[in-house]
Amino acid sequence: MDIKSMKNYLYWLYCQFELITCSYLMEPWEKLLFYTFNITVLVMVLYTAYIFVPVHIHTAFQFFLHLFGNQQENTVSIVK
């Protein structure tokens, strides 16, 4: 894929985005506010997913290991 067709494809995607969100009807200051809000929300969602999803996956993995009988050994050993 050459550079010109990639540029045209990205422009087409941008036009589709403007049509779907109806942002082509907005004034420039409204577009700036709209895009700033959307980018901020997207960054916050990605950051939250990056921070919290691995913790939840680890917790779920430990739960299922415990459920199926693969329990972690205690750090304190019992001496008889």
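Trainee: How many residues does α1 have, and what does it reach from its first C-alpha to its last?

Mentor: Happy to start there: α1 has 19 residues, and 27 Å is expected at 1.5 Å a residue. The expected span is 1.5 Å times one less than the number of residues. From first C-alpha to last, α1 is close to that, reaching 27 Å.

Trainee: What kind of model is this, and how are residues numbered?

Mentor: This is a predicted model, where local features need pLDDT of at least 70 and side-chain atom pairs count only at pLDDT 80 or more, while totals for chains, interfaces and linings use all residues. Side-chain values use heavy atoms, leaving out hydrogens and water, and residues are numbered along each chain as its sequence is written, from 1.

Trainee: How many helices and strands are in the protein chain?

Mentor: Both come from DSSP runs, numbered from the N terminus: helices are H or I with at least four residues, strands are E with at least two. By that rule the protein chain has 0 strands and 2 helices.

Trainee: How far apart are the end C-alpha atoms of α2, and where does α2 bend?

Mentor: Helix α2 covers residues 28-67, so its 40 residues should span 58 Å at 1.5 Å a residue; the ends are 56 Å apart, which agrees. A bend is the angle between axes fitted to the seven residues ending at a residue and the seven starting there. In α2 the bend is about 35°, with the proline P54 following within four residues, and the place is F52.

Trainee: Which side chains meet in a salt bridge?

Mentor: Side chains of opposite charge can pair when their charged atoms come close. A salt bridge needs a side-chain nitrogen of Lys or Arg within 4 Å of a carboxyl oxygen of Asp or Glu, and the count comes to 1. The N to O distance is 2.8 Å, and the pair is E18 and K31. They link distant parts of the chain, 13 residues apart, with E18 in helix α1 and K31 in helix α2.

Trainee: Are E18 and K31 buried or exposed?

Mentor: Buried means under 20% relative accessible area, exposed over 50%, and partly exposed in between (1.4 Å probe, protein chains only). Of the 80 residues in the protein chain, 5% count as buried. E18 and K31 are both buried.

Trainee: Why does C15 count as partly exposed, and how many disulfides are found?

Mentor: C15 counts as partly exposed because its relative accessibility is 24%. C22, in the loop between α1 and α2, is partly exposed too, at 39%. A disulfide is a pair of cysteine sulfur atoms within 2.5 Å, and the search of the whole structure gives 0.

Trainee: What phi does C22 have?

Mentor: C22 follows α1. Although C22 is not a glycine, its phi is positive, at about 60°.
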